[in-house]
Amino acid sequence: MQTQFTELTDTQWQVIEEILNEHRKRKHNLREIINGILEILRTGTQWRNLNHPKLSWQIIYYYFRKWSVNGTLSRINSELNKKERQRQSKQKTPSLLCIDSQSVKSVPFSVEDKGIDGNKYVNGRKRHIIVDTLGLIWGVVVHAADIHDGVKAHLLVEHCIGYLERMRKILVDDAYKKVFYSWVQDNIIGLEVEFASKPPTNKGFVPVKWRWVNERTFGWLNFFRRHSKDYEKTAKSAEAWLLWANCQIILNRL
């Protein structure tokens, strides 16, 4: 795993350029914009402290925000996921996915979508992700930590409907037995929900088949300073940074 920021290589940029498919002449270099975004992701610096040699932080933030809203970031993420799965001799889209959440502390100035997770004693937000068996992130939802896991999990599945045509089974733990399981039964035909939890007699972390990949993905986030806490004022911004982290992990393998 790469531990410090480096600019995109020619090979990495060629992959992203192909996904963006932008042929019109632009005032600002998109490669430099992505380099600026990935530098903040890796180093955790504030937007206003970004010392980019060619572009102002306002220009880079404009594209960060624009791509998060108009679906460009989601498209980059999904296409990179497909390329990585093909590289590992798997089909483009997964049939088995796993859902889990991670509660993280928020900084004091974050007041939107914030709460206290009474089980883990964390004042902040929950990162909800849906991953395949390789640990690649296909969907993200960030919400207040005091909201139960099962209440928001359906948003992850809704995001995947339509472009993950092979989705057949989702692995979850017992926290999703009521609200989420009922929603799947009422709204999606042919999608199986399997409950996989550690034995109640075991304490601490116990690897559960396939579901451990969620924990590994959360562990990968530790290599990005921006994810050491939730530094974002909005949950949508936090979701965008999780997708950028997934993109960076895949790009590092090229």
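## Basis of the report

This is a predicted model, in which local features need pLDDT of at least 70 and side-chain atom pairs count only at pLDDT 80 or more, while totals for chains, interfaces and linings use all residues. Residues are numbered from 1 along each chain as its sequence is written, and side-chain values use heavy atoms, with hydrogens and water left out.

Two packed helices are described by the angle between their axes and the distance between the axes. Helices (H or I, at least four residues) and strands (E, at least two) are DSSP runs, numbered from the N terminus; axes are lines fitted to C-alpha atoms, for helices over the stretch in contact, and angles run from 0 to 180 degrees between N-to-C directions. Angles under 35 degrees count as roughly parallel, over 145 as roughly antiparallel, 65 to 115 as roughly perpendicular and the rest as oblique.

The axes of α2 and α3 (residues 57-70) lie 9 Å apart at an angle of about 85°, and α2 is therefore roughly perpendicular to α3. In this contact (heavy atoms within 4.5 Å), Leu30, Ile33, Ile34, Gly36 and Ile37 of α2 meet Ile59, Ile60, Tyr63, Phe64 and Trp67 of α3. By class, the contact of α2 with α3 has 9 nonpolar residues, 1 polar and no charged ones, where Ala, Val, Leu, Ile, Met, Phe, Trp, Tyr, Cys and Pro count as nonpolar, Asp, Glu, Lys and Arg as charged, and the others, Gly among them, as polar.

## Two further helix pairs

Helix α4 (residues 72-87) and helix α8 (residues 235-251) have axes that come within 10 Å and cross at roughly 30°, so α4 and α8 are roughly parallel to each other. Residues of α4 that take part include Leu73, Ile76 and Leu80, and among their partners in α8 are Leu243, Trp244 and Ile250. The contact of α4 with α8 has 9 nonpolar, 4 polar and 1 charged residues.

Helix α5 (residues 149-160) packs with helix α6 (residues 179-187) at an angle of about 40°, their axes being 7 Å apart, which makes α5 oblique to α6. On the α6 side the residues are Val179, Phe180 and Trp183, and those of α5 include Val151 and His154.

## Two loop residues

Asn21, in the loop between α1 (10-20) and α2 (30-43), has a phi near 55°, a positive value in a residue other than glycine. Ser89 is found in the loop between α4 and β1 (96-105), and the phi of Ser89 is likewise positive, near 60°.

The structure holds 1 cavity of 30 Å³ or more; on a 1 Å grid over the protein atoms alone, a cavity is a set of points where a 1.4 Å probe fits but cannot get out, and lining residues have an atom within 4 Å of a point. Grid points are joined across faces, edges and corners, and a volume is the space filled by probe spheres set on the points.

Terms used. 1 Å grid on protein atoms, 1.4 Å probe; cavity = no way out; pocket = protein on both sides within 12 Å on 5 of 7 lines; lining within 4 Å.
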